[in-house]
Amino acid sequence: MLTREKLFDFIQKQNVTMLASIDEDGFPNVKAMFAPRKIEGDSFYFTTNLSSLRTKQFLENPKSCIYFYKKGRFKYEGVMLAGLMEVLQDDETRHEIWRPGDEMFYRQGETDPDYCVLKFTAIRGRRYCDLKSESFTVEELA
């Protein structure tokens, strides 16, 4: 049985997140992102450019999903979480999520007008492991 602890333990071990947005024609768009900078409760925080296509799509339609997977030699495990994405630009959040080296992407540092934080809040999900799939709501995980 999937528990919150198992789910988040699996997610925290992954280096890549697949992140999906919805474009203006209603089609999903998927992009690989670095692992979340922070996980708090049911929320996952990522950094990106305010000017990016994905950010523009989230501002128009906050529906999103994130996907984590691990492909082993004999075992594949994947977790998809569906929820809502917020685009945060407040100084406090940007400072909290900032890491040394981010200057490579945001030349003006933490105050770069093109630097923003994406906050994804999970509502429900689906997990695949050992040839079995299960759906769940994040709220029901013990």
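Predicted model: local features only at pLDDT ≥ 70, side-chain atom pairs only at ≥ 80, totals over all residues.
Reader: Thank you. In β7, which residue is the bridge partner of Tyr 45?

Author: The partner of Tyr 45 is Lys 119.

Reader: How many bridges join β3 to β4?

Author: There are 3 bridges between β3 and β4, and these two strands also run antiparallel. Within this pair, Ile 39 is found opposite Phe 44 of β4. The two strands make a hairpin with 2 residues between them, and Gly 41 in the turn shows a positive phi of about 65 degrees.

Reader: Is β4 largely enclosed or open, and why?

Author: It is largely enclosed by the rest of the structure, because 6 of its 7 residues are buried. Thr 48 is a residue of β4. With a relative accessible area of 6%, Thr 48 is buried, since buried means under 20%.

Reader: What is Thr 48 in contact with, leaving aside its neighbours within four places in sequence?

Author: Beyond those neighbours, Thr 48 touches Lys 31, Met 33, Thr 55, Tyr 106, Asp 114, Tyr 115, Cys 116 and Leu 118.

Reader: Let us turn to the core. How many residues does the largest nonpolar core have?

Author: The largest nonpolar core has 23 residues, and Leu 7, Phe 44 and Leu 81 are those with the most contacts inside it. At least two residues of this core come from each of α1 (4-12), β4 (43-49), β5 (63-71), β6 (76-88) and β7 (115-129). There is also a second, separate core of 7 residues, with Leu 88, Trp 98, Tyr 106 and Tyr 115 among them.

Reader: Leu 88 interests me. What is its bridge partner in β7?

Author: Leu 88 has Val 117 as its bridge partner in β7. The strands concerned, β6 and β7, pair in the antiparallel sense over 12 bridges.

Reader: And how do β5 and β6 run?

Author: They run antiparallel and are joined by 9 bridges. Together they form a hairpin that leaves 4 residues between the strands. In this pairing, Lys 70 stands opposite Glu 77 of β6.

Reader: With which residue does Glu 77 form a salt bridge?

Author: Glu 77 forms one with Arg 127, and the closest N and O atoms are 3.0 Å apart. Glu 77 is in strand β6 and Arg 127 in strand β7, so this pair ties together parts that lie 50 residues apart in sequence.

Reader: Are Glu 77 and Arg 127 buried or exposed?

Author: Both of them are buried.

Reader: How many salt bridges does the structure hold?

Author: The structure holds 9 salt bridges. One of the pairs is Arg 4 with Asp 42, where the closest N and O atoms are 2.6 Å apart. This pair links distant parts of the chain, as Arg 4 is in helix α1 and Asp 42 is in the loop between β3 (38-40) and β4, 38 residues apart. Arg 4 counts as partly exposed at 26% relative accessibility, and Asp 42 counts as partly exposed at 24%.

Reader: What about Lys 13, then: which residue forms a salt bridge with it?

Author: Lys 13 pairs with Asp 9, the closest N and O atoms being 3.2 Å apart. Lys 13 has a relative accessible area of 57% and is therefore exposed, whereas Asp 9, at 38%, is partly exposed.

Reader: Which residues are linked in a network of salt bridges?

Author: Such a network links Lys 38, Glu 40 and Glu 96.

Reader: A change of topic: which residues form the nonpolar patch on the surface?

Author: The patch consists of Phe 34, Met 104 and Phe 105, which together have about 390 Å² of accessible area. Phe 34 belongs to strand β2 (residues 28-34). It counts as exposed because its relative accessibility is 65%, and exposed means over 50%.

Reader: Lastly, where is Pro 113?

Author: Pro 113 is in the loop between α3 (91-97) and β7. Its relative accessible area is 55%, so Pro 113 is exposed. Leaving aside its neighbours within four places in sequence, Pro 113 is in contact with Leu 50, Arg 94 and Gln 108. The C-alpha atoms of Pro 113 and Lys 56 are separated by 15 Å, and these two residues are 57 residues apart along the chain.

Note on methods: Residues numbered from 1 in each chain as written. Heavy atoms only, no water. Core = buried A, V, L, I, M, F, W, Y, C linked by side-chain atoms within 4.5 Å. Buried < 20%, exposed > 50% of the residue type's maximum accessible area, 1.4 Å probe, protein only. Pairing = 2+ DSSP bridges. Patch = residues over 30% accessible without salt bridge, like charges linked within 9 Å, V, L, I, M, F, W, Y side chains within 5 Å. Areas by Shrake-Rupley, 256 points an atom, 1.4 Å probe, with all protein chains shown as cover. Salt bridge = Lys/Arg side-chain N within 4 Å of Asp/Glu carboxyl O. Contact = heavy atoms within 4.5 Å.
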